[in-house]
Amino acid sequence: MAFTLPELPYACDALEPYIDARTMEIHHSKHHAGYVAKLNAALEGVKGFDGKSVEDILRNIDAVPEAKRQAVINHGGGHANHSLFWQLMGPGKGGDPSRALAGAIDSELGGFATFKEKFADAAANRFGSGWAWLTRNGSGRLQILSTANQDSPLMDGHVPILGLDVWEHAYYLKYQNKRPEYIEAWWNVVDWAKANELYRAANG
Ligand code: MN3
(Lines give C-alpha, C1' and ligand atoms only; values in the text may rest on other atoms or scores of the structure.)
Protein backbone atom coordinates (compact mmCIF):
# COMPACT_ATOMS: atom_id res chain seq x y z
CA MET A 1 0.00 0.00 0.00
CA ALA A 2 1.13 3.49 -0.51
CA PHE A 3 -0.63 6.74 0.11
CA THR A 4 -0.08 9.42 -2.51
CA LEU A 5 -0.08 13.20 -2.45
CA PRO A 6 -3.33 14.50 -3.99
CA GLU A 7 -3.05 17.25 -6.58
CA LEU A 8 -4.04 20.71 -5.48
CA PRO A 9 -7.48 21.37 -7.00
CA TYR A 10 -6.30 24.80 -8.22
CA ALA A 11 -3.05 26.58 -9.07
CA CYS A 12 -0.70 27.62 -6.26
CA ASP A 13 -1.46 31.28 -6.90
CA ALA A 14 -5.23 30.81 -7.10
CA LEU A 15 -5.85 31.93 -3.52
CA GLU A 16 -3.91 35.20 -3.85
CA PRO A 17 -3.94 37.68 -2.24
CA TYR A 18 -5.31 35.89 0.81
CA ILE A 19 -2.88 32.97 0.74
CA ASP A 20 0.28 33.57 -1.25
CA ALA A 21 1.54 31.28 -4.00
CA ARG A 22 4.89 30.51 -2.34
CA THR A 23 3.20 29.42 0.88
CA MET A 24 0.80 27.20 -1.05
CA GLU A 25 3.62 25.65 -3.05
CA ILE A 26 5.78 24.81 -0.03
CA HIS A 27 2.80 23.79 2.07
CA HIS A 28 1.55 21.30 -0.50
CA SER A 29 4.74 20.02 -2.18
CA LYS A 30 6.94 19.92 0.93
CA HIS A 31 4.85 19.75 4.11
CA HIS A 32 1.93 17.66 2.87
CA ALA A 33 4.24 15.49 0.76
CA GLY A 34 6.36 14.91 3.86
CA TYR A 35 3.36 13.64 5.84
CA VAL A 36 2.49 11.23 3.03
CA ALA A 37 6.04 9.87 2.82
CA LYS A 38 6.33 9.45 6.59
CA LEU A 39 2.89 7.82 6.84
CA ASN A 40 3.96 5.29 4.21
CA ALA A 41 7.21 4.69 6.07
CA ALA A 42 5.37 4.22 9.38
CA LEU A 43 3.02 1.58 7.93
CA GLU A 44 5.61 -0.23 5.85
CA GLY A 45 5.59 -3.89 6.76
CA VAL A 46 2.69 -3.46 9.17
CA LYS A 47 0.00 -6.03 8.38
CA GLY A 48 -3.72 -5.38 8.15
CA PHE A 49 -3.83 -1.88 6.67
CA ASP A 50 -3.71 -2.62 2.94
CA GLY A 51 -6.41 -0.76 1.08
CA LYS A 52 -7.68 1.14 4.12
CA SER A 53 -8.25 4.85 3.77
CA VAL A 54 -6.30 7.14 6.04
CA GLU A 55 -9.64 8.28 7.46
CA ASP A 56 -10.56 4.69 8.38
CA ILE A 57 -7.18 4.19 10.01
CA LEU A 58 -7.59 7.36 12.10
CA ARG A 59 -11.13 6.43 13.14
CA ASN A 60 -9.72 3.16 14.49
CA ILE A 61 -6.37 4.44 15.63
CA ASP A 62 -6.14 1.93 18.50
CA ALA A 63 -5.83 -0.84 15.90
CA VAL A 64 -2.43 0.54 14.88
CA PRO A 65 0.41 -1.20 16.75
CA GLU A 66 1.55 0.95 19.64
CA ALA A 67 5.09 1.33 18.31
CA LYS A 68 3.73 2.94 15.13
CA ARG A 69 0.69 4.70 16.54
CA GLN A 70 2.13 8.14 17.27
CA ALA A 71 3.75 8.30 13.83
CA VAL A 72 0.41 7.44 12.22
CA ILE A 73 -1.38 10.05 14.36
CA ASN A 74 1.15 12.67 13.28
CA HIS A 75 1.61 11.84 9.62
CA GLY A 76 -1.72 10.14 8.88
CA GLY A 77 -3.40 13.07 10.59
CA GLY A 78 -1.26 15.44 8.55
CA HIS A 79 -2.23 13.68 5.34
CA ALA A 80 -5.96 13.58 6.12
CA ASN A 81 -6.11 17.13 7.47
CA HIS A 82 -4.32 18.69 4.51
CA SER A 83 -6.23 16.63 1.92
CA LEU A 84 -9.41 18.11 3.37
CA PHE A 85 -7.99 21.61 3.79
CA TRP A 86 -7.18 22.01 0.08
CA GLN A 87 -10.70 20.99 -0.87
CA LEU A 88 -12.28 23.43 1.56
CA MET A 89 -10.74 26.43 -0.18
CA GLY A 90 -10.95 27.85 -3.66
CA PRO A 91 -10.62 31.00 -5.73
CA GLY A 92 -13.68 33.23 -5.76
CA LYS A 93 -15.17 31.54 -2.71
CA GLY A 94 -15.96 32.97 0.71
CA GLY A 95 -19.30 34.54 1.49
CA ASP A 96 -21.90 32.78 3.60
CA PRO A 97 -22.57 29.11 4.32
CA SER A 98 -25.20 27.49 2.16
CA ARG A 99 -28.25 25.32 2.51
CA ALA A 100 -28.39 22.65 5.23
CA LEU A 101 -25.17 23.78 6.89
CA ALA A 102 -26.32 27.40 7.06
CA GLY A 103 -29.51 26.29 8.82
CA ALA A 104 -27.59 24.15 11.30
CA ILE A 105 -25.14 26.96 12.09
CA ASP A 106 -28.13 29.20 12.79
CA SER A 107 -30.00 26.72 14.98
CA GLU A 108 -27.08 25.08 16.80
CA LEU A 109 -24.35 27.71 16.96
CA GLY A 110 -26.26 30.98 17.25
CA GLY A 111 -25.87 32.17 13.67
CA PHE A 112 -23.04 32.79 11.24
CA ALA A 113 -21.59 35.90 12.92
CA THR A 114 -21.35 34.14 16.29
CA PHE A 115 -19.92 31.03 14.66
CA LYS A 116 -17.22 33.03 12.85
CA GLU A 117 -16.19 34.77 16.03
CA LYS A 118 -15.95 31.53 18.02
CA PHE A 119 -14.17 29.67 15.26
CA ALA A 120 -11.64 32.50 14.87
CA ASP A 121 -11.09 32.46 18.65
CA ALA A 122 -10.45 28.71 18.56
CA ALA A 123 -7.93 29.24 15.74
CA ALA A 124 -6.21 32.22 17.37
CA ASN A 125 -6.02 30.64 20.82
CA ARG A 126 -4.64 27.26 19.77
CA PHE A 127 -1.22 27.52 21.43
CA GLY A 128 1.60 26.43 19.14
CA SER A 129 0.74 24.31 16.13
CA GLY A 130 -2.65 22.86 15.35
CA TRP A 131 -6.01 23.26 13.68
CA ALA A 132 -9.39 24.87 14.29
CA TRP A 133 -12.41 22.81 13.30
CA LEU A 134 -16.10 22.83 12.75
CA THR A 135 -17.22 19.26 13.20
CA ARG A 136 -20.29 17.13 13.54
CA ASN A 137 -19.68 15.44 16.87
CA GLY A 138 -20.65 11.96 18.04
CA SER A 139 -24.00 13.29 19.26
CA GLY A 140 -24.84 14.64 15.81
CA ARG A 141 -24.35 18.28 16.77
CA LEU A 142 -22.14 20.92 15.22
CA GLN A 143 -19.15 21.73 17.39
CA ILE A 144 -16.26 24.20 17.23
CA LEU A 145 -12.96 22.89 18.57
CA SER A 146 -9.24 22.96 18.03
CA THR A 147 -6.68 20.19 17.99
CA ALA A 148 -2.94 20.19 18.63
CA ASN A 149 -0.31 19.26 16.06
CA GLN A 150 -1.88 17.05 13.37
CA ASP A 151 -4.39 15.33 15.66
CA SER A 152 -7.48 14.51 13.60
CA PRO A 153 -11.01 14.99 14.98
CA LEU A 154 -11.77 11.60 13.38
CA MET A 155 -9.90 9.95 16.28
CA ASP A 156 -12.53 11.28 18.68
CA GLY A 157 -15.58 10.33 16.65
CA HIS A 158 -16.04 13.72 15.01
CA VAL A 159 -16.62 14.31 11.31
CA PRO A 160 -14.72 17.40 10.10
CA ILE A 161 -16.88 19.90 8.21
CA LEU A 162 -14.42 22.81 8.06
CA GLY A 163 -10.77 22.98 9.11
CA LEU A 164 -8.18 25.72 9.33
CA ASP A 165 -4.46 25.01 9.56
CA VAL A 166 -2.86 27.38 12.07
CA TRP A 167 0.66 25.98 11.96
CA GLU A 168 3.10 28.80 11.25
CA HIS A 169 4.04 27.06 7.98
CA ALA A 170 0.51 27.89 6.75
CA TYR A 171 0.91 31.65 7.05
CA TYR A 172 4.31 32.83 8.23
CA LEU A 173 5.76 33.97 4.87
CA LYS A 174 2.95 36.45 4.31
CA TYR A 175 1.58 37.17 7.77
CA GLN A 176 4.61 36.48 10.03
CA ASN A 177 3.38 36.47 13.65
CA LYS A 178 -0.03 37.95 12.80
CA ARG A 179 -2.13 34.81 12.92
CA PRO A 180 -5.42 36.73 13.42
CA GLU A 181 -4.87 38.52 10.08
CA TYR A 182 -4.40 35.17 8.34
CA ILE A 183 -7.57 33.85 9.95
CA GLU A 184 -9.53 36.92 8.87
CA ALA A 185 -8.21 36.67 5.29
CA TRP A 186 -8.97 32.95 5.12
CA TRP A 187 -12.74 33.49 5.23
CA ASN A 188 -12.42 34.88 1.68
CA VAL A 189 -11.37 31.51 0.28
CA VAL A 190 -13.65 29.13 2.22
CA ASP A 191 -15.63 26.83 -0.09
CA TRP A 192 -18.96 26.66 1.71
CA ALA A 193 -20.47 24.38 -0.92
CA LYS A 194 -17.80 21.80 -0.07
CA ALA A 195 -18.43 22.25 3.66
CA ASN A 196 -22.14 21.78 3.05
CA GLU A 197 -21.41 18.61 1.09
CA LEU A 198 -19.37 17.23 4.02
CA TYR A 199 -22.16 18.17 6.42
CA ARG A 200 -24.76 16.41 4.29
CA ALA A 201 -22.58 13.32 4.03
CA ALA A 202 -22.01 13.30 7.80
CA ASN A 203 -25.73 13.30 8.37
CA GLY A 204 -26.46 10.73 5.67
MN1 MN3 B 1 -0.06 22.51 7.25
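## Salt bridges and a domain interface

Asp-191 and Lys-93 form a salt bridge, with their closest N and O atoms 3.9 Å apart. The term covers a side-chain nitrogen of Lys or Arg within 4 Å of a carboxyl oxygen of Asp or Glu. Asp-191 sits in the loop between α7 (179–186) and α8 (192–203), and Lys-93 in the loop between α3 and α4 (99–109), so the pair ties together parts that are 98 residues apart in sequence. Asp-191 is buried at a relative accessible area of 14%, while Lys-93 is partly exposed at 40%. Here buried means under 20% relative accessible area, exposed over 50%, and partly exposed in between (1.4 Å probe, protein chains only).

Before going further, a word on the model: it is predicted, so local features need pLDDT of at least 70 and side-chain atom pairs count only at pLDDT 80 or more, while totals for chains, interfaces and linings use all residues. Residues are numbered from 1 along each chain as its sequence is written, and side-chain values use heavy atoms, with hydrogens and water left out.

### Salt bridges within helices

Side chains of opposite charge can pair when their charged atoms come close.

| Pair | Closest N to O | Relative accessible area |
|---|---|---|
| Asp-191 and Lys-93 | 3.9 Å | Asp-191 14%, Lys-93 40% |
| Arg-59 and Asp-56 | 2.9 Å | Arg-59 44%, Asp-56 34% |

Arg-59 and Asp-56 both belong to helix α2, three residues apart, or about one turn of the helix. Arg-59 counts as partly exposed, and Asp-56 also counts as partly exposed. In helix α8, Glu-197 and Lys-194 are likewise three residues apart, about one helical turn. Helices (H or I, at least four residues) and strands (E, at least two) are DSSP runs, numbered from the N terminus.

In contact (heavy atoms within 4.5 Å) are 19 residues of domain 1 and 22 residues of domain 2.

The area buried between the two domains is about 1,600 Å², and carbon and sulfur atoms give 65% of this. Buried area is the accessible area (1.4 Å probe) that two parts lose on being put together, summed over both. What does the rule find across this interface in the way of salt bridges? It finds zero, but seven residue pairs are in polar contact (both at pLDDT 80 or more). A polar contact is a pair of N or O atoms within 3.5 Å; within protein, one must be able to donate a hydrogen and the other to accept it, and residues adjacent in sequence count only if both atoms are side-chain atoms.

On the side of domain 1 that touches domain 2, the elements giving two or more residues are α1 (21–43), α2 (54–59) and α3 (66–87). Of these, α3 gives the most, with nine residues.

### A buried asparagine in a loop

Asn-137 lies in the loop between β1 (130–136) and β2 (142–148) and is buried, at 13% relative accessible area. Its side chain reaches the backbone nitrogen of Ser-139 at 2.9 Å. Leaving aside neighbours within four places in sequence, Asn-137 is in contact with Gln-143, Gly-157 and His-158.
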